[in-house]
Amino acid sequence: MTKVDMSGLGAEMVKGTVFGEARITSLDLSGNDLTSVDIDISSLKMLRTLKLSNNRLREFPTELLGLPRLASLDLSGNQISSIPPEISELKGLRTLRINDNVLASVNSGFGKLTQLETLEVARNQLIGITDKLQGLAKLKTLDVSVNYLGEIQDEFKYLKSLRRLKAAGNRIATLTPELAGLRNLEFLDLRDNYLTDLPYELGDLPDRILLKLEGNSFAGPFSYVAARDTPSILNYLRSNKDSTEQFEAKLVLVGEGAVGKTSLLAKLRGEEFIENRPTTHGIEIDRLKVPHATRADVSIELNTWDFGGQEVYRITHQFFFSQRALYLLLWKPREGQEENAIEGWVRRIRLRIGSDARIVLVATHASERRPEIDFPMLRRRYGPLLVANHAVDSSTDEGLAELRKIIAMAASRLPQIGERLPASWVRAREEILGLDEPFITRLAFERICALHGLDEESTETFSELLHDLGHIVYYGEDEGLRDLVVLDPEWLTKAIGYVLEDSETRTKAGVLSHSRLGDIWAPRGGTEIYPPKYFPYFLRLMEKFDVSYRLPDDSSSLVAQLVPYERPVLPVNLKNPAEQRRSLRMVCRTQEVAPGLIAWLTVRSHQYSTGLHWRRGVFLLHRKYNTQALLELADNNLDLVIAAQGPAPDYFFYALRDGIEELIGRRWPGLKYEFLVPCLLSDDGGRACMGHFPATMLEKLRARGEPRAICHRCANWRDVNELLTGFELSHRPFETVMSDIKELQEKTLDALGGIQAKAANIAHHVRAALNILSAEVVDCPRLFSLYPTDRSAIVERFSFRQSMTLQLWCEEPGEHHPVGDAKYTFKPSKEWFVQVSPYLKAVLKILSIAGPIAIAAVGASLTEQDLVKTKPDLDLMKALVDKLPQLDVDEAPALHRESGWAEGAGLRALRGLLLDLDPNLQYGGMRRVISSSGDLLWVCERHHRTYDPGLPVV
C-alpha cells in the first residue's frame, strides 16, 4: 500500500486508526472535522504527502515532527493561529500549504526549511513575514494573498529561486526595490492593494515576467501606464530613473452655446474683450499659465480646451473629457439654472470620468443680472466634484482676478501636479509638441523619440500616454491610422464638426457621400485646410470614434447621430416569436441619461446592420446564426430594451448585452445601471405584464434555492429559473463551462435545433471559456494544437524527449482555425508539461467541437478542405493527451490552485513558452483585437480586416 484516501469519512470513522508498519507514502485526511490528529501516524516513516485540509485543527499537530521523509503538507482550511518554531525539524519539506487559517505571523522556523519550494499562506491574518528568509534559497512559489501585509520588505531579496509571488488583496503601500534582484521571477500578483506607484528599480525585473496590478490607486503618469501590458510597464520604469517634476494640467470649458467661454479665456490670457465674438465650432485649444498656489517658484501650464456648446457636438466631445482635469462650467444668470442645463453638464462630466474631475461653476454676464443658483444643494448632490462657485463679467473685468486665483488653487490640487516624468520623455515631448505641423508621420515621431534615447517599446508606451493625456491623437493598433500622429486635436475635431453640421448629410438621413468630402472639408475662411489625401484618414478616425461606419457600397458612410427620428416598420415582433424560435428579452436601466448611447451602439453593431435604424433604436440580424435583435431606448431615455430571437439566440443576446456593459464601462465609468428581467405574463385579456425583476435579485434567490419570485406589478408568482433564462451567472466556474461544452458535443443536431442552433450554442460556450481565461493572460493567443513533430511517434507511450509542434489557432467566433504561419517546433520540459497539461485538455475539448462546427456552420468562410487539414492534428493531439502520464501535482509547485482550477497556470506556461519561441511576438501575423462586445481575441490577418478595414478609398 502506498496511497491511502480517508477524506470525508468523518472524525468518528478516522480517529483511532492504527497503521502499524504499513509503507504508506501518501495519506489524505482532509474534510473530516478533526480537532486533533488522534491517529497513530508516528510509525509512517515512509510518508511523503499528508493532507489535513478542511478540518477543525486549532493547533499545529506536533505529531508530524517525527515524519522524516515528509515532503508535502497541506493544513489549509483549519483554525490554526500559530506554527511552532520546531517546524524547522521537517528538513525534507518541499510543499507547505496553510491557506485559510488564522495565522498572524510566519516565524523564523520557516526560514530553516531549506528544501521548501512552495509556501502558501493565503487568506490568513498575516501582518508581517519573518525576517529570516535567507534559508529559503530553493523557494519557487510564495502565496501570501488576502492578508493584512502593509509592505513587501527587503528580506525578499534572499528568495533567489522565486518564480511566483502572489500578494494580491493585502494593504501593501510600498514595495522594496530589492525585488528587482529576483532574476527568476515569472509572475508577480499585486492586485487589490494600496499602491500609488512602483519603484523605478523594478524595471530591472526579467522581461518574461507577468505583472498583475489591477485594483490599486496609482497616481500621476503611472496610472496610465499601469493598465497596459507588462513590457510597457517595465519600459516606463526603466526610463524613469532620470525624472523631473511636471506642472501641467488640462483646463476644459463647457456649457451651453453663446455663454461666453471663448471671451472669458481671452480675458484670462490678458486679451481685449471683443463684442459679438464668433461662435466656437468643435473645440479650440490654447494655453493659460497660472501661478502655483503654494509654491512661489512654480507656474502651472494649463492646456485650455474650449468646447462648442451646440448640442450636435456633445456626443463627440465626450471623447476629450479627461480624468484629473479642471473644468469651468459657464452659465448665463439671465437664462437661469434650468435653461443653462447646469446639472446636465455636471452629470455628463461625472458619467464620463467619474469623481476625479474638479468643476468650477462660473456665472458670466454678471453685471446684467445677479446670479441665483442653489449651490449648497448642488454640493450636497455632487460632493467634491464641485470646488467653487463664482461670477464674472468679461466685458467689465468683474470677478476675473478672483477667478484666476480660484483656478490656480484648484489646479495646484490636481493629483498629477508635481508628479515625475522621465527626463527623456519630457525632452521628446517638448520637441514633438513644438513642431509647427498639425500632424507628422509615425516614422518621424519614432525618429524624434530615438534621438532622445527611447527604444521601440518605450516609444509605443510614450505615444499611448501622450494620446491618453490629450497631447496627441494616435491609434497605434489601427492598420489605417498608425502611420499618422495628429499633433493638433483641434484640427481634427473641427473636421468632424463640419460633417455633423453638413445640411445635405442631415437631409439624406445621415448618409454621407464620399464624393462630397471636398465640399465639406474645403478651406473655410482661409483658416483651415484639409488636404484631400487625408480625407480617408478623417473618415477612419470618425469610425474609430463611433461617429460613422462605411456602408456596403464603400462610397458612402452612415453618420449615426444624424439618422431619422421616425421608427421604421420592423419585420418581426420580438415579443411574440415565431414557432420554433426562442426569445430572450431584458432591460438595461441607467440611473442617468447616457448621451449618444444608441448612436454609438448603431455604429459598433454595424456588421449586423439591416438598414433599419432610427434615433432611438436599431434592428440587427446575425446572419450566420439566423438571429434577430432589437436595441431600443424607451421614452424615459433611461431604459434600453435588448431583445433577440432565433433558433439559439443566447450567443447574439449575450454579445449585445456584454457590448452594452463594455460601452458603458469605457465611455461612462460614472454611470450606475442595472439589468431587469421583464415579467411579460399575460392576463386573461392577453395583455403582457409590464413589471420587471432585478436580475441580481433573481440570481441571489437562485443561489439560496428559492424557486419563485413575486411580481410587484401583477402580483403573480414566477419561476426564478425560467425568468433567468438568458441571464446566466456572470462568473460561472471554468469547470461548469467545460462541462457544458462536453454536453453540447454529445448532443445531436436535431436535439439542438439544427446546424445554426448548434453553431450558435457552441460559439456561446467557447466565448464564455475564453473570457474566463482572459482574466489570466491578455498578451498572447490562447487556442493551440500540440502534437509530436514526428507524426508516427505516438504509438505505445509518451516520452518527454520528443520534439513537439505547437500550432496557434485564430479565435474568430464561429470560425476557429489553425493559422499556417503560427507554428513552432520545440522540446518541452517535464515541468512545462506538468503546468500546461490541465489547460491542454481544456483546449482540446474546445477545438474538438469548435473546429468542425466552424466548417459546417452556414455562412462560415472556412471549407471542407480546412477540416481535412485540421482533423489529423486534433486526432494527434487527442492521442498525445491520452498518452500523457498521470503527473503528480506535488511535483509542480507552479500549479495554480486559485479558485480550484489549474488552467490559468497552464495558460501562463503557454505564454512563457511563446515568449521563448517567438521573442518578437509575431504569432504568425495574428493580432489582438477587442470586439464590439468587449471580448479580447487573437485573430488571423484575414479576420483582422473585419475589425480594422483600413483606410477607405475616396
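Select Leu-361 first: leaving aside residues up to four places away in sequence, Leu-361 touches Leu-329, Ile-342, Ile-373, Phe-375, Leu-378, Leu-386, Ala-388, Asn-389 and His-390, where contact means heavy atoms within 4.5 Å. This is a predicted model, in which local features need pLDDT of at least 70 and side-chain atom pairs count only at pLDDT 80 or more, while totals for chains, interfaces and linings use all residues. Residues are numbered from 1 along each chain as its sequence is written, and side-chain values use heavy atoms, with hydrogens and water left out.

Now widen the selection to the largest nonpolar core, which has 98 residues, and in which Tyr-327, Ile-359, Leu-361, Trp-521, Leu-640, Ile-642 and Trp-668 touch the most other members. A nonpolar core is here a set of buried Ala, Val, Leu, Ile, Met, Phe, Trp, Tyr and Cys residues joined through side-chain atoms within 4.5 Å; buried means under 20% relative accessible area, exposed over 50%, and partly exposed in between, with a 1.4 Å probe and protein chains only. Another core, of 93 residues, lies apart from it, and includes Leu-34, Leu-142, Leu-205 and Cys-449.

Next, select the ten strands of an open sheet, whose order is β1-β2-β3-β4-β5-β6-β7-β9-β11-β12 and whose pairing is parallel. Helices (H or I, at least four residues) and strands (E, at least two) are DSSP runs, numbered from the N terminus, and two strands pair if DSSP finds at least two bridges between them. At the edges are β1 (3-5) and β12 (210-212), each of which pairs on one side only. Neighbouring strands of this sheet are turned by 5° against each other on average, with direction ignored; such angles run from 0 to 180 degrees between N-to-C directions, and axes are lines fitted to C-alpha atoms, for helices over the stretch in contact. At one end of the sheet, strand β11 (residues 187-189) runs parallel to β12 and is joined to it by three bridges, with Phe-187 having Leu-210 in β12 as its bridge partner.

From here, go to Asp-33, in the loop between β2 (26-28) and β3 (49-51). Asp-33 has a positive phi of about 60° although it is not a glycine, and is partly exposed, with a relative accessible area of 44%. A second stop of this kind is His-365, in the loop between β18 (358-363) and α8 (375-382); its phi is also positive, at about 50°, although His-365 is not a glycine, and its relative accessibility of 26% counts as partly exposed.

Then select the three strands of an open, antiparallel sheet in the order β23-β25-β24. Its edge strands are β23 (511-513) and β24 (548-550), each pairing on one side only, and neighbouring strands are turned by 30° against each other on average, direction ignored. Three bridges pair β24 with strand β25 (residues 556-559) in the antiparallel sense, and Tyr-549 has Leu-558 in β25 as its bridge partner.

To see the contact, show Trp-491, Leu-492, Ala-495, Ile-496 and Val-499 in α13, which meet Phe-538, Leu-541 and Met-542 in α16.
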